[in-house]
Amino acid sequence: MLLIFELYIPTSLGDALEFLAKYHPDAMPIAGGTELLILIRDKKIRPKYLVDLSPLRRQFSYVRLENGVVKIGALTTLWELSNSFLHSDVRYAGFQDVWHKFGTMSLRFMATIGGNIATATDFSDYLVLLLAYDAKVKVSGVNGERVVPLGEFIVERRKPDLKPGEIITEVFFTEPPLNTSSAFEKFDRRSILIAGLANSAVYLHIDNGRISDAKISLDMIKEKRIPGRLRVLEESLKGREFSIEFIEKTIEETIPKHVEKYTDWWTTGDYRLEMTKTSIKKALLRAAKRIGVV
């Protein structure tokens, strides 16, 4: 199938933003293109112009720690992410989990963190993990910059909070304290190129044997098929002594009341719900083991 569109190569961020604003909605930004080109191929979107963001990579491809804040440039590829301190410090161990479950090696060289967030679906693995870190998104547009909590940035499935002439330029979150770790779980019937039947991410901070902080995110919570935080479960865990029995009991009581899963050709909603319970239990246990409390 022949794909017909015009590729625009900007000379600066301002140039890219002005072009996107001028030709909205017919112009779309492209970074790694691992998701966008598939949507174009499948005729789900039909842009007239693609704005190539690769000239901006030097400016927006980085992973750094500044004044207690972890900052990731939106054009950072997953490969570059894997070569940063996020893959060597136990406080960010969930990033390694996502890496090992994400597509193929060739996709990891191309896909960007900003693109994974902007895709805005229940299959956006790094989005699920970053929600557990309570991350925020920096958005740049023709009218300046703004910061949006990641949990508010995803409005609907495939609909991020981006106005005409805006792109994601950075995602950032507070540096975790000591005795903190994270984990990501993804279940499917095969081991590569998986979308995931049930995905979850956990951020855990344990102090003197008790859960000082817990953040739990899922591929979807209720109604909308978009990732979200499971705050009811988080509050149930905070302040309690870490116990496998308590964790299992609380999850069994909480999940059916606050999580809904859909049925499709792949599997049933009931199965997805059971796998969600299992994924959260495994993620919490793995994070606790990484901290050294079990």
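**Exercise 1. Determine which residues form the nonpolar patch on the surface, and which helix gives the most to it.**

Solution. The patch consists of W79, M105, F109 and M110, which together have about 380 Å² of accessible area. Such areas come from the Shrake-Rupley method with a 1.4 Å probe, only the protein chains shown counting as cover for residues. Patch residues have over 30% relative accessible area and no salt bridge, nonpolar side chains (Val, Leu, Ile, Met, Phe, Trp, Tyr) being joined within 5 Å; a salt bridge is a side-chain nitrogen of Lys or Arg within 4 Å of a carboxyl oxygen of Asp or Glu. The model is predicted, so local features need pLDDT of at least 70 and side-chain atom pairs 80 or more, while totals for chains, interfaces and linings use all residues. Residues are numbered from 1 along each chain as its sequence is written, and side-chain values use heavy atoms, without hydrogens and water. Helix α6 (residues 105-110) gives the most, with three residues, whereas W79 lies in helix α4 (residues 78-82).

**Exercise 2. Classify W79 and L285 as buried, partly exposed or exposed.**

Solution. Buried means under 20% relative accessible area, exposed over 50%, and partly exposed in between (1.4 Å probe, protein chains only). W79 has 33% and is therefore partly exposed; L285, at 26%, is partly exposed because its value falls in that class as well. L285 belongs to helix α12 (residues 269-291), and, leaving aside residues up to four places away in sequence, L285 is in contact (heavy atoms within 4.5 Å) with F242, I244 and V294.

**Exercise 3. Work out the strand order of the open sheet and describe the surroundings of β10.**

Solution. The five strands follow the order β4-β5-β10-β6-β7 with antiparallel pairing, where a pair requires at least two DSSP bridges. Because β4 (63-66) and β7 (144-149) each have a single partner strand, they stand at the edges, with one side left without a neighbour in the sheet. On one side, β10 (residues 166-174) is joined to β6 (residues 136-141) by six bridges, and K138 stands opposite E170, while G141 has E166 as its bridge partner. β10 also pairs with β5 (residues 69-73) over five bridges, with G73 opposite E170. Finally, eight of the nine residues of β10 are buried, so this strand is largely enclosed by the rest of the structure.

Notes
Helices (H or I, at least four residues) and strands (E, at least two) are DSSP runs, numbered from the N terminus. Patches are made of residues with over 30% relative accessible area and no salt bridge: like charges are joined within 9 Å, nonpolar side chains (Val, Leu, Ile, Met, Phe, Trp, Tyr) within 5 Å.
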